[in-house]
Amino acid sequence: MDWNSAHAETITHLQALIRFNTTNPPGNELPLARYLADVLRAAEIETQLLEPAPMRGAVVARLRGDGRDAPVLLMAHMDVVGVEAEHWSVNPFAGEVRDGFLYGRGAIDDKGMLAANLMTMLLLAREVAARRIHLRRDVIFAATSDEEVADEWGMGWLIDNHPESIRAEFALNEGGRTRVLDGKPLYLAVQTAEKVAHVVRLTAHGPGGHASVPLEGNAVARLARAIATIHDNPLPVKLLPTTREFFRELSPVWPVPAERAAMADLGSGDAGRVERGELVLRDIPMLDALLRTTVSPTMLQGGVAPNVIPTEVSATLNIRTLPGDPIDDVVAALARIVGDPLVDFTIVERGEESPLCEFSSPMFLAIAEATRALNPDLAVVPFLGTGATDSARMRRWGVQAYGVLPFPMEQSDEERMHANDERIPLDSLHFGTQLIYGAILRVAAA
Ligand SMILES: [Zn+2]
């Protein structure tokens, strides 16, 4: 494989993808979809170009295998979030390369992966045509619209309208990370499960009256106490198999000794050690959120005038449950913790559970092997996503969807996602393309 010329080709494609302004709303992904379809068809790959709504697009392409195994699906979305152009040091839609980075909105979310997926299809097609490889399952490529906003014309639309075109055993989607710390690649986290988002309203009741006469039982004070009590009493730690494996595999490469020991404790499965590890990691918000169902108060509603004591005020809680933690049980637990009969809880939006993916599947093992072939020092860990992606929907539909961000990046570069001066290191783009190709080759070639 001539990776140098493949790398140059990937850069050219990623620049082209960034130059289509697919800011959503309105999206306007169709011209980009046409570009992808043209490139795939020119490579003689079977390709469908679909138009779910005016100016919205979807591209589905397929490399046929011998059908011994069920297909594998490469997913990426074409739309991007908006920009505050005045805060960028480059034109966000020019695809400029500067000091080893390719800049542009979507460079890491999600056009980088779209380019890597496209390149994987092109390279596989060439290898198949030259009879250097043989596929034992179909490899499907899907590029979708509308992921960042309504998700009305994206993956859900494909599932509803063209299910046969994307039905697969495994899928690779966005949603993981490949972390570099102080220049050293540490770990590649593959998202195999997601927390479930719910919205709950907390309402406090009390006597109303003129503000000049303070009242015991004031609803505003009651609500404040309830919120503070919830905030001060985190829900109990529950280690999922995914999370235990995450900490066990991460601990050997983790740079901070106290945290490394705590991760080993959590990975050990021993109740006493788990408790000890939790006390250390609970101070790191990103890690604490993996350990338990969490509650974030996000909005306050109530009051009619500065001099009126209201009879009712409420707060909005954003609750992220661990898979297998029913929201009704969580709300009942919160009501017990608050212990105030004049504070009630209403579930306003109920999230939907999705099954967990295995981390011993051929797809996960293929990702791990492809990673080790590129860098044997990189730990590969399964992880629970605290956010929400299309993968949850895929899992409910019976596809084992794995979330990756195959581009090694420092935290600071990853934080440019949805922010200013989004960019991808060219070396990371190269690495990520080889990783996707290597993983698909391992899972799909005979
Ligand atoms: Zn994305």
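At what angle do helix 12 and helix 15 pack, and how far apart are their axes? I looked this up first, keeping in mind that the model is predicted. The angle is about 135 degrees, and the axes are 8 Å apart. That makes helix 12 oblique to helix 15; the label "roughly antiparallel" would need an angle over 145 degrees. I also noted the hand of the crossing: helix 12 passes helix 15 in a right-handed way.

Next I listed who touches whom. From helix 12 (residues 362-374), the contact uses P362, M363, A366, I367, E369, A370, T371, A373 and L374. From helix 15 (residues 426-444), I have F431, Q434, L435, G438, A439, I440, R442 and V443. Sorted by class, the contact of helix 12 with helix 15 has twelve nonpolar residues, three polar and two charged.

Then I moved to helix 7, residues 241-250. I find its axis within 7 Å of the axis of helix 8, with a crossing of roughly 140 degrees. Helix 7 and helix 8 are therefore oblique to each other. The crossing of helix 7 with helix 8 is left-handed. On the helix 7 side I wrote down R244, F247, R248 and L250, and these meet M263, L266 and G267 of helix 8. This contact of helix 7 with helix 8 splits into four nonpolar residues, one polar and two charged.

How do helix 8 and helix 9 cross, and how close do their axes come? Their axes come within 7 Å and the crossing is roughly 140 degrees. So helix 8 is oblique to helix 9. Helix 8 passes helix 9 in a left-handed crossing.

The residue list for this pair goes as follows. Helix 8 brings A258, E259, A262, M263, A264, D265, L266 and S268. Helix 9 answers with R273, V274, R276, G277, E278, V280 and L281. By class I get eight nonpolar, two polar and five charged residues in the contact of helix 8 with helix 9. I see M263 in this list, and M263 of helix 8 also meets helix 7.

Is D265 buried or exposed? D265 is buried, as its relative accessible area is 7% and the cut-off is under 20%.

What separates the closest N and O atoms of E352 and R396? I have 3.4 Å for this salt bridge. E352 lies in the loop between strand 15 (343-349) and helix 12, while R396 is in helix 13 (residues 390-396), so the pair ties together parts 44 residues apart in sequence. E352 counts as exposed at 55% relative accessibility. R396 counts as partly exposed at 37%.

Another runs from P25 to P26, with omega near 5 degrees. P25 is in the loop between helix 1 (3-19) and helix 2 (30-42), and P26 is placed in the loop between helix 1 and helix 2 as well.

I finished with positive phi values. E44 has a phi of about 60 degrees although it is not a glycine. E44 lies in the loop between helix 2 and strand 1 (46-53) and counts as exposed at 74% relative accessibility. R131, also not a glycine, has a positive phi of about 60 degrees. I located R131 in the loop between helix 3 (111-129) and strand 6 (139-144). R131 is exposed, with a relative accessible area of 75%.

Technical notes:
Residues numbered from 1 in each chain as written. Predicted model: local features only at pLDDT ≥ 70, side-chain atom pairs only at ≥ 80, totals over all residues. Heavy atoms only, no water. Buried < 20%, exposed > 50% of the residue type's maximum accessible area, 1.4 Å probe, protein only. Salt bridge = Lys/Arg side-chain N within 4 Å of Asp/Glu carboxyl O. Helix = DSSP H or I, 4+ residues; strand = E, 2+ residues; numbered from the N terminus. Axes fitted to C-alpha atoms, helices over the stretch in contact; angles between N-to-C directions. Parallel < 35°, antiparallel > 145°, perpendicular 65-115°, else oblique. Left-handed = near helix turned anticlockwise from the far one by under 90°. Contact = heavy atoms within 4.5 Å. Nonpolar A, V, L, I, M, F, W, Y, C, P; charged D, E, K, R; others polar.
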